[in-house]
Structure formats: structure tokens, C-alpha cells
Amino acid sequence: MKKCIVVFLSFMLMATVAQATIDIATDFGSGADTFIGNDSKTSYTKNRGANTELETRYNGGGSRFTCSYYRFDLTGTSADFAGATLMLEASYIKSSTGRRLDVYGLVDETLDQWDETTITYENAPGMLQPASGWNMGDYLIDELKLVHLGFLTTPGTGGATPVYPIRFSSNTTDLGSAFSNFLTADTNKLVTIVLINSTGTSGTNSEDKIASKEHATYLAPTLVLVPEPASMLILALGGLLAMRKKA
Ligand SMILES: [Ca+2]
Ligand SMILES: [Ca+2]
């Protein structure tokens, strides 16, 4: 009888643990969020660390580029992840069809400590001066520092009268193993993600806006981590052994 109860409880525990995810928002620990630009309106020397909305705008015709930076503090998490998604709340969606936002990761970990209050296009980790120059609306990625990890698609619910906030997440097909491998490779418990509208899908030269951690009511940008099954199994077995000792 006792054995049946222990087995039943262990399955219950495994089922419970298997569903557990770890949500880390930019307002946790040393997290940060901001956006940068390189045109006459969002100057390459302008800081947007305190803004409540994060703009991501295609440089339609090389004139209006902005992109958003996110830092997540992984303190207290294990090193191995089976997967991860980004969960965001839009405060403005221009397009009535989904727009692709490419996801880049900062692999030069010496640059993870960028300062939210001073970061601009000019000093942003992984950005270089474009061939067209400063404040000309274009951008240039330092591919030794920023690597492409996949993409996410904004919801196609913009247009006339959407009701905000609009919450959306990346899916595991578009943001899969490259993203989780990047997170697993982290060694300093800080990860920097950059969202860039690099294709101009569903309309050019218009921005989407994502709520930052400074927004009074909307969700702060959140990284949702799925622990490795091995880690979950160890947790479940640990619970099982603890129960057997008591039995
Ligand atoms: Ca911020
Ligand atoms: Ca890191």
C-alpha cells in the first residue's frame, strides 16, 4: 500500500515539476531594457533607458532604424535549459499582419554589463558605425559580438483599433535550439538579447513598441526558461527518495 502511494506521489511530483518554468523579467536583479537608434530623431547619442516603450523599427530606405536591447539576470538558475521563449507585451503594433523581429545574442560576455542609463547606438555592444555614418538611419552589426539566434513574429492584431496590451511569445520553432544553446553557454549569469526588424516584413519604416520594465502596468519583458528534463528528473527522484525515507 505504502509502495503504491509512493509511486503515485512520484508520478504526481514529476508531472508537477515537468510543467515548471522559470520566468525572468528585465526588472529582476541586474536586468535592463532600452532601445537605440541612429537617425535624426532617435540620435546615435540619445539614451532611452528610462522609456516605458521599446521601439523596434525597420530602416526603410536606410532612414529610421531603431532596435531594442534586453538584459536578463540568470542568478539562481541552473546551467542547462531544454528551451526558452521570450514573452513580451506590445503597447503598439503598427501592422495588421505579423512582423518578423530577428533575435540576436551578445556572445562577448565582457560587454554584458552595459549601462541602461548611458547606452546609445554609439556605444551599444555589438553595433558599429554604419558606412553611411552617424544619424543616417542605418546600422551595422559586429558579427563577432552579436550572433543571430532566430526570430519571433509580432501578432497580426495591429491596425485600426487594437486593445492594448497585446501579449505575445516566441515559438520554439522560430526560436529553438540556437537560442537555448546560447543561454546554456552563458558563464556570467547575464544574457543580452537584441531585437532587430531586419527584413521590413509587413510594412517598412514603421515601428512596433514593446513595454519596458519602466511601464507602470504592462508586463516587463520576460525570458521563460524550461529546465532540462534531466534536472527535473533529479528533482523528482530526490523527492521520491525523501518520501521513501519517511515511509
Ligand atoms: Ca529601461
Ligand atoms: Ca552572459
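# Calcium site, cores and aromatic pairs

Asp-186 and Leu-190 are both buried (under 20% relative accessible area; exposed is over 50%, partly exposed in between; 1.4 Å probe, protein chains only). Both residues also coordinate the calcium ion (ligand 2). This is a predicted model: local features need pLDDT of at least 70 and side-chain atom pairs pLDDT 80 or more, while totals for chains, interfaces and linings use all residues. Residues are numbered from 1 along each chain as written, chains are lettered from A and ligands numbered from 1 in the order written, and side-chain values use heavy atoms, without hydrogens or water.

**Calcium site**

- Five residues supply donors to the calcium ion (ligand 2): Glu-109 (OE), Asp-112 (OD), Asp-186 (OD), Asn-188 (OD1) and Leu-190 (O).
- Their distances run from 2.2 to 2.5 Å (donors are N, O and S atoms within 2.8 Å of the metal, or 3.2 Å for Na, K and Ca; water is not among the atoms, so sites may look incomplete).
- The donor spacing along the sequence is E-x2-D-x73-D-x1-N-x1-L.

**Nonpolar cores**

- The largest nonpolar core has 28 residues (a core is a set of buried Ala, Val, Leu, Ile, Met, Phe, Trp, Tyr and Cys residues joined through side-chain atoms within 4.5 Å).
- Phe-72, Leu-86, Phe-179, Leu-183, Ile-193, Leu-195 and Leu-223 have the most contacts inside this core.
- Two or more residues come from each of β4, β5, β6, β9 (146-153), β10, α2, β11 (190-196) and β13 (222-227) (helices are DSSP runs of H or I, at least four residues; strands are runs of E, at least two; numbering starts at the N terminus).
- Strand β5 contributes the most, with five residues.
- A second, separate core of 18 residues includes Ile-36, Tyr-44, Met-127 and Val-194.

**Contacts of single residues**

- Beyond four places in sequence, the contacts of Leu-195 include Thr-56, Cys-67, Leu-86, Leu-101, Leu-152 and Ile-210 (contact means heavy atoms within 4.5 Å).
- Leu-175 sits in the loop between β10 (166-169) and α2 (177-184).
- Leu-175 counts as buried because its relative accessibility is 1%.
- The C-alpha atoms of Leu-175 and Leu-149 are 6.8 Å apart, across 26 residues of chain.
- Thr-85 belongs to strand β5 (residues 81-92), and is buried at 16% relative accessible area.

**Aromatic pairs**

- The structure holds five aromatic pairs (rings of Phe, Tyr and Trp, its six-membered ring, pair if their centres lie within 6.5 Å; planes under 30 degrees apart are stacked, over 60 edge-to-face, the rest tilted).
- Tyr-44 and Trp-134 are stacked, because their ring centres are 4.5 Å apart and their planes at 10°.
- Tyr-44 lies in the β2 (32-37) to β3 (53-57) loop and Trp-134 in the β7 (127-128) to β8 (140-141) loop, so the pair ties together parts 90 residues apart in sequence.
- Tyr-44 is buried at 18% relative accessible area, whereas Trp-134 is partly exposed at 28%.
- Phe-65 and Tyr-121 pair edge-to-face, at 6.4 Å between centres and 90° between planes.
- Phe-65 lies in the loop between β3 and β4 (66-73) and Tyr-121 in the loop between β6 (100-106) and β7, so this pair links parts 56 residues apart in sequence.
- Phe-65 is buried at 0% relative accessibility, and Tyr-121 is buried at 0%.
- One aromatic cluster is formed by Tyr-44, Phe-65, Tyr-121, Trp-134 and Tyr-139.

**Charges over rings**

- The charged end of Arg-100 sits over the ring of Phe-151, 4.1 Å from its centre (NZ of Lys or CZ of Arg within 6 Å of the ring centre and within 35 degrees of the ring normal).
- Lys-209 lies over the face of Tyr-92, 5.5 Å from the ring centre.
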